[in-house]
Amino acid sequence: MKNIDEKILMAEEEIKQLQNKRKKLISQQKQEERKKRDKRLYEKGAVFESIFNESKDFTKDEFYQLITFSNIKEAINEKILKVMEKREKTEEENIEKQEKVTETEQ
């Protein structure tokens, strides 16, 4: 009976260790995602400031007013759609080229 109780305790301890390892890995994953997001935001903010030098001293509200200005917002959204369409077209062309290469190799 003692042997079984010891095995149960060992199994429970192993479960606790695995749960802690899981929590640690989840925390690490969230931290990596946060770093990627921060890097992306810093890069985009830097690009914006390099284009609009005078905006460096804007407050948060002034910046928000600028980027939500309807004419600018519409023009930027149109440009975003064009960029996305171009990207999709390029990706499709790359897939077609890859398929042709694969067919040729076979």
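Residues are numbered from 1 along each chain as its sequence is written, and side-chain values use heavy atoms, with hydrogens and water left out. Because the model is predicted, local features need pLDDT of at least 70 and side-chain atom pairs count only at pLDDT 80 or more, while totals for chains, interfaces and linings use all residues.

Let us start with the overall layout. The protein is divided into domain 1 (1-51) and domain 2 (55-105), with bounds that come from an automatic or database domain assignment. Taken over C-alpha atoms, the centres of domain 1 and domain 2 are 32 Å apart.

The largest pocket holds about 420 Å³ of space. Here a pocket is an open set of points on a 1 Å grid over the protein atoms alone, where a 1.4 Å probe fits, with protein on both sides within 12 Å along at least five of seven lines. Its volume is the space filled by probe spheres set on the points. Lining residues, which have an atom within 4 Å of a point, number 13 in the largest pocket, and Lys44, Phe48, Phe63, Ile67 and Ile76 lie nearest its centre. Two or more lining residues come from each of helix H1 (2-51), helix H2 (60-67) and helix H3 (70-105); helices are DSSP runs (H or I, at least four residues) numbered from the N terminus. H1 gives the largest share, six residues. By type, the lining has eleven nonpolar residues, one polar and one charged. Domain 1 and domain 2 both contribute to this lining, so the largest pocket lies between them.

**Residues to look at**

Ser55 sits in the loop between H1 and H2. Its side chain reaches the backbone oxygen of Phe52 at 2.6 Å. Leaving aside residues up to four places away in sequence, Ser55 touches Phe48 and Glu49, where contact means heavy atoms within 4.5 Å.

The table compares relative accessibility; buried means under 20%, exposed over 50%, and partly exposed in between (1.4 Å probe, protein chains only).

| Residue | Relative accessibility | Class |
|---|---|---|
| Ser55 | 8% | buried |
| Asp38 | 29% | partly exposed |
| Leu25 | 48% | partly exposed |

Asp38 is part of helix H1, and its C-alpha atom is 24 Å from that of Lys79, 41 residues apart along the chain. Leu25 also belongs to helix H1; between the C-alpha atoms of Leu25 and Gln65, 40 residues apart along the chain, there are 40 Å.

How values were computed: Ala, Val, Leu, Ile, Met, Phe, Trp, Tyr, Cys and Pro count as nonpolar, Asp, Glu, Lys and Arg as charged, and the others, Gly among them, as polar. A polar contact is a pair of N or O atoms within 3.5 Å; within protein, one must be able to donate a hydrogen and the other to accept it, and residues adjacent in sequence count only if both atoms are side-chain atoms.
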